[in-house]
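Try each task yourself before you read its solution.

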Amino acid sequence: MAAALTLLLAGTVIAQDVTIVLNEEPANLDPCEVASDFIGRVALGNIFEALTRRDVTTGELLPALSTSWEEGDGNSWTFTLREGVKFHDGSAMDAVAVKHAMDRTLDDTLTCESRTKFFSGNEFTVETIGSDKIKVTTKVRDPILPLKMSNMMIGGPSMTMGKAVRTAPGTGPYALDKWETGQYINLVKFADYWGPNDGVDSGKYVWRAESSVRAAMVKQGEADFAPSIAEQDATEDIAVGYPNAETTRLNLDDLMPPTNDKRVRLAINLALDRDAMLGTIVPSSAQKATQLFLPSIAGWSENVTMYPYDPEKAKALIAEAKADGVPVDTEIQLAGRIGHFPNVQEYHEAVAIMLNEIGLNVKLEWYEAAVKNKMQVKPFDPNRRPQMFVDQHDNTAGDPVFTIPSRWRSDGSQAKISDPKLDAMIDEAIASTGAERIAKWKAVSEYIDQEILPDAIMFHMVGFAALGPRVNYKPNMTTNSSVKLSDFSLK
Amino acid sequence: MIFQFLTRRLFFSIVALFVLLILVFLMARLTGDPAYLYLPDTATEEMRAQFREVHGFNDPMLVQLGRYIWNALQLDFGMSMRRNIPAMEAVAVAFPWTLRLAGITVVLAMIVAMIVGPLAAYKPGSFFDRLASVLSLAAASMPDFWLAITAILVFAVSLGVLPTSGIGGPEYWIMPVGVLMFRITGTTTQVVRGSMISSLAAPYVKAAKAKGVPDKRILFVHALRNSVIAAVTVAGDQTRGLINGAVIVETVFGWPGIGKLMIDAISQRDFAVLQASVLATAAAIFLLNIILDLIYTFLDPRIEVQ
């Protein structure tokens, strides 16, 4: 009796539901914003779906709200919509509804993370063909448009054009039941879902900012899963490690001395003792990286150099550069972002120490996210000191186009290099398809590494989650951006 | 007199609120450009310019301020850029949770302080007095964050008698209120004790004793009444802090209050929510100040409102 009372008081979850505890409350559940992790974790794959879906295990592009697609003349793709699909408000998902959702996403007057991330740099026209086909025409041919469409969520026709919404009906296996602001979001299984829906009946999303509290909730049975906890809170009884698709790099200032000298950049790569950081500052299950996306992304090259730790050679390179007049003593600002990832402080301190040991003058300074983000993108402050950033990038979208151009093409928002040959190689890769596309992206990665070496790529990171004993669930590289209730089952 | 006092205070409060509104409006915009937060890092400068255009951040500051004041006068405090709801709606959901937490905390803290303080002052230097002093000093010094996490580890994880966090029935209030009470109780007890020692040394107390008034009555009726003003002052000060939002406690316990809302609004550059939060908080604090002044006149008839 006392035990039962204690359990009741401790708020144990009710059977047939799962409770998931996140870092923070989603700002909104607008289909345009699911590219943002904190929104996608609730909405992506639960409430909203896209015309296509990428299998993260195989990389294969699969049908979702469309059953097939084909490329036509004049830079167009035609998607055949799945029949009998309904939105959560009962309205039909037909060509008109899909066009409305797509036009809304592509509307410049709407702040839309998905459009900015995946659909910028081209112009789109969407047309209906009958009630079951959508034709998308682009100004510049886009051979991977079907892949990009896996990132455009289709919300119901009740969404207002040009206006952000708090919530919207989707077509996914779970519908929004209740959102108690500041407290929880409840999703329930959608009875009229078009596909198999064998997951749990409902899911409750709550949020706690403190990692140790999230872990404690799972331990106490108040929650079944916490997708992101700090390694120190990941005790054996609840912890599950998983590759979280984030790759870290040391983003160097290729425009300003001394890091505009390739010898200095090479020295930096040789000065970083990645092996020493593994298992100490970075989880031991993380992997050293050569490129800013995972090997599972088609276009990853096995010929890109894995730089060994060689501080003596690094020192020699610095000395050589100094002898040639490169001002290696110039203070370099290592701008860290507060709370960026677990052990971020130790990570930056280790980097600063290792680089100073080879003769550079690195000063670590801390900034909050908005300030650091501004420093990292164009226009760069012309009066700045040479800068370095440790940044993280996750490419779960399946193609190097979502990583490389913005960082290393001359007009990229973060690019600090300008190499016409590289630009041409990138453009060719973007325009190609199939095996040719993969080969061209590999060549781009190799060129960046061998001819330019703009940055120091460091680790493919892992995350830690807390999993309770009631549920079966295997986190994967998309867990940071999508926690699908249909992947949960009760033991 | 009271009516005139209230009218005057309300007038000056409104003026102060107006000035505060302008200050917060301007200072919020000094924190940086929201375009760097609301758009991914792959966004181009053209996209950021578009964002600023859509949200009116391209307009001259005076134009933005004028527009905001005009809307505020019509009780339109803008939309949360992040939440896509009216800013005041976000505040209206969060603020009552903070007010309730603050109210319960301060009332309980005052009750404890009004019992322990006089008992400690009754025999200065006694074992009870020393114990009370040490405990209240320790309580006043404990950092909220450490206390909150420790409480969760002990009562929720180890003993399993309380939930870790969140809101719900009475059991969910115990740890957040308890943690917040520590420092307030400690501080208020120290103040009550000190004030009581002074009161107990006053001639009227000696006279009461000479007349044979029981010690308990002297302590809890005569002397305490004269010490309450000091306690109310301290409690009022602590309450102002709590109304601003006990950010750490709200963060650790997942309490949906205004403290966390404001901190998030600052880091997210959600100007409308920040401005609405400050406005609501300031209005509550001005109201609290007026109430405290009225309480003083009740406690001590020699004090008049002017």
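**Exercise 1. Find which residues A:Ala466 touches, leaving out those up to four places away in sequence.**

Step 1. Contact requires C-beta atoms, placed from the backbone, within 7 Å of each other.
Step 2. The partners are A:Arg214, A:Ala215, A:Val218, A:Phe225, A:Ala226, A:Ile229, A:Ala234, A:Ile238 and A:Ala239.

A note on the model: it is predicted, so local features need pLDDT of at least 70 and side-chain atom pairs pLDDT 80 or more, while totals for chains, interfaces and linings use all residues. Residues are numbered from 1 along each chain as its sequence is written, with chains lettered from A and ligands numbered from 1 in the order in which they are written.

**Exercise 2. Describe the largest nonpolar core.**

Step 1. Such a core joins buried Ala, Val, Leu, Ile, Met, Phe, Trp, Tyr and Cys residues through C-beta atoms within 7 Å; buried means 20 or more other C-beta atoms within 10 Å, exposed 12 or fewer, and partly exposed in between.
Step 2. The largest one has 167 residues, and A:Phe225, A:Ala226, A:Ala466 and B:Val91 have the most contacts inside it.
Step 3. Helix 5 of chain B (residues 87-122) gives the most, 16 residues; helices are DSSP runs of H or I, at least four residues, and strands are runs of E, at least two, numbered from the N terminus.

**Exercise 3. Decide whether B:Leu75 is buried or exposed.**

Step 1. Find B:Leu75 in the loop between helix 4 (61-73) and helix 5 of chain B.
Step 2. B:Leu75 counts as exposed because it has 8 C-beta neighbours inside 10 Å.

Methods. Contact = placed C-beta atoms within 7 Å.
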